[in-house]
Amino acid sequence: MEPDRSEYERRLVEKAQRALVAISLGEDAEALDELAPTAAEPQARSDETKELVMMLFGECSAMVSTLGDGGSAPVKVQVFDEDGEEVSIDQADPPVRTAVRTLLAEVHGNSEAAQEQVEIALANAAPDEVDSLVLQALRWTIRLSAECLDRDLPVAPWISDAVAD
């Protein structure tokens with residue numbers, strides 16, 4: 001069963017890479033199409049989406065840690081409304097709240113809580129809210145990787161390959 005799992009993970013990485021390319025070109029719909037689950041059964045589709053989102057947030061967490069010098073330099077997470085005004089996490093739209101809570105849980109080493117946030121969103125959110133969560137994960141991956149690369153800090157090779165000019 002292990003070879004099947006590694007093949008599955010390779011396909012997820014390739015999907016994420018194509019989505020990162022699309023999002024970097026401003027093609028949100030294409031990015032979402034690239035990440036659309038391929039499984040036929042609803043539970044398998046949800047599991048695939050969860051794994052993709054958790055993979056992206058896991059990499060974002062690693063880059064936040066790298067940017068924060070392993071935790072010795074604080075990295076601030078800010079949430080803005082549609083007018084560009086900073087708001088508390090509780091005032092943010094539900095997908096943004098989920099994204100922030102997921103990222104913070106990952107950054108603090110609590111992958112279980114991060115996974116719970118994503119599972120709740122996938123089970124209860126409207127399809128457009130799930131899309132918003134996925135797009136947020138992609139945008140943060142792009143922004144954080146660009147910042148790390150600008151500072152000559154390490155980025156997962158599969159991400160740097162996708163975002164390289």
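Axes here are lines fitted to C-alpha atoms, for helices over the stretch in contact, and the angles between N-to-C directions run from 0 to 180 degrees. Helices (H or I, at least four residues) are DSSP runs numbered from the N terminus. The model is predicted: local features need pLDDT of at least 70, side-chain atom pairs count only at pLDDT 80 or more, and totals for chains, interfaces and linings use all residues. Residues are numbered from 1 along each chain as its sequence is written, and side-chain values use heavy atoms, with hydrogens and water left out.

**Helix packing**

Two packed helices are described by the angle between their axes and the distance between the axes. Helix H3 takes part in both pairs tabulated here.

| Pair | Axis angle | Axis distance |
|---|---|---|
| H3 and H6 | roughly 30° | within 9 Å |
| H3 and H5 | about 135° | 10 Å |

The angle makes H3 roughly parallel to H6, since angles under 35 degrees count as roughly parallel, over 145 as roughly antiparallel, 65 to 115 as roughly perpendicular and the rest as oblique. The H3 and H6 crossing is left-handed; this term applies if the near helix is turned anticlockwise from the far one by less than a right angle, and right-handed applies if clockwise. Contact means heavy atoms within 4.5 Å. On the H3 side, the contact with H6 includes Val53, Leu56, Phe57 and Cys60, and on the H6 side it includes Val134, Leu138, Trp140 and Leu144. By class this contact has 15 nonpolar, four polar and one charged residues, where Ala, Val, Leu, Ile, Met, Phe, Trp, Tyr, Cys and Pro count as nonpolar, Asp, Glu, Lys and Arg as charged, and the others, Gly among them, as polar.

For the other pair, H3 is oblique to H5, and the crossing is right-handed. Ser46, Thr49, Lys50, Val53 and Met54 of H3 meet Ser111, Ala114, Gln115, Val118, Glu119 and Leu122 of H5. The classes are five nonpolar, four polar and two charged residues.

**Nonpolar core**

A nonpolar core is a set of buried Ala, Val, Leu, Ile, Met, Phe, Trp, Tyr and Cys residues joined through side-chain atoms within 4.5 Å. The largest one has 46 residues, of which Leu20, Phe57, Leu138, Trp140 and Trp158 touch the most other members. Among the elements giving two or more residues to this core are H1 (2–24), H3 (42–67) and H6 (127–150). Beyond its neighbours within four places in sequence, Leu138 is in contact with Ala19, Leu20, Ile23, Ala31, Leu35 and Leu56.

**Aspartate 152**

Aspartate 152 lies in the loop between H6 and H7. Its phi is positive, about 60°, although this residue is not a glycine. At 71% relative accessibility, aspartate 152 counts as exposed (exposed is over 50% relative accessible area, buried under 20%, partly exposed in between; 1.4 Å probe, protein chains only).
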